[in-house]
Amino acid sequence: STSCSSSPPSTSLPPASHFIGRKEDIVKAGRVTKMVNGCRDILVLHHQGQLHAMDVRCYHSGGPLQNGDIEEFNGRLCIVCPWHKYKITLAEGEGLYQAVDNPTAKPLRTHWCSKGVKQRIHKVTEVNRNVYVTLNNSSEAMESDRYQTERYRTGLREA
Ligand code: FES
């Protein structure tokens with residue numbers, strides 16, 4: 001086969017996309033953290049054949065999501081923050097929690113609830129085995145935004 005590494009990216013690449021790495025390298029590593037556009041620290045992860053991207057620091061208190069386990073809750077894949085075990089859906093960035101149905105009933109029964117979108121999720125595109133991220137520039141504030149400052153960046157650089 002011929003090498004296409006010097007060719008310009010295909011036109012299917014969305015505007016304002018940022019190169020993260022070769023797909024095979026990301027699959028091998030499982031997780032990659034990267035500062036994108038000089039301003040946003042993100043986590044790109046590969047799980048069950050899917051790529052996901054999100055703000056790397058947890059919306060609750062800035063915990064390092066790159067060290068979180070991935071588990072399914074109520075049929076939804078979540079990353080579990082290693083600091084206080086908050087559960088964040090990979091696809092939407094929703095915070096999930098278990099609520100008690102009726103506090104006076106025994107045994108206690110719980111059901112899963114959503115706090116809404118808390119973690120900013122970014123768009124991943126794969127073109128010619130290269131992986132790109134387009135930042136989610138929604139003007140709607142999300143709680144993870146507050147950990148995207150220089151003050152919280154130091155830990156990531158050491159990682
Ligand atoms: Fe993530 Fe508290 S910082 S759960």
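This is a chat about side-chain contacts in a predicted model.

User: What should I know about the model before we start?
Analyst: The model is predicted, so local features need pLDDT of at least 70 and side-chain atom pairs count only at pLDDT 80 or more, while totals for chains, interfaces and linings use all residues. Residues are numbered from 1 along each chain as its sequence is written, and side-chain values use heavy atoms, with hydrogens and water left out.

User: OK, how many salt bridges are there?
Analyst: The count comes to 13 salt bridges, where a salt bridge is a side-chain nitrogen of Lys or Arg within 4 Å of a carboxyl oxygen of Asp or Glu.

User: Which residue does Arg40 pair with?
Analyst: Arg40 forms a salt bridge with Asp145, and their closest N and O atoms are 2.8 Å apart. The pair links distant parts of the chain, with Arg40 in strand E3 (residues 40–47) and Asp145 in the loop between strand E11 (130–134) and helix H2 (150–158), 105 residues apart. Helices (H or I, at least four residues) and strands (E, at least two) are DSSP runs, numbered from the N terminus.

User: Is Arg40 buried or exposed?
Analyst: Arg40 counts as buried, at 14% relative accessibility, whereas Asp145 counts as partly exposed at 21%. Buried means under 20% relative accessible area, exposed means over 50%, and partly exposed lies in between (1.4 Å probe, protein chains only).

User: Which network is Asp145 linked in?
Analyst: Asp145 is linked with Arg40, Asp55 and Arg120 in a network of salt bridges. In the salt bridge between Asp145 and Arg120, the closest N and O atoms are 2.9 Å apart. Arg120 lies in the loop between E9 and E10 and Asp145 in the loop between E11 and H2, so this pair ties together parts that are 25 residues apart in sequence. Arg120 counts as buried, at 5% relative accessibility.

User: Switching topic, how many aromatic pairs are there?
Analyst: The count comes to 4 aromatic pairs. Rings of Phe, Tyr and Trp (its six-membered ring) pair if their centres lie within 6.5 Å, and planes under 30 degrees apart count as stacked, over 60 as edge-to-face and the rest as tilted.

User: Why is the pair of Phe19 and Tyr132 edge-to-face?
Analyst: The planes of the Phe19 and Tyr132 rings are at 65°, so the pair is edge-to-face, and the ring centres are 5.7 Å apart. Phe19 lies in strand E1 (residues 17–22) and Tyr132 in strand E11, so the pair ties together parts that are 113 residues apart in sequence.
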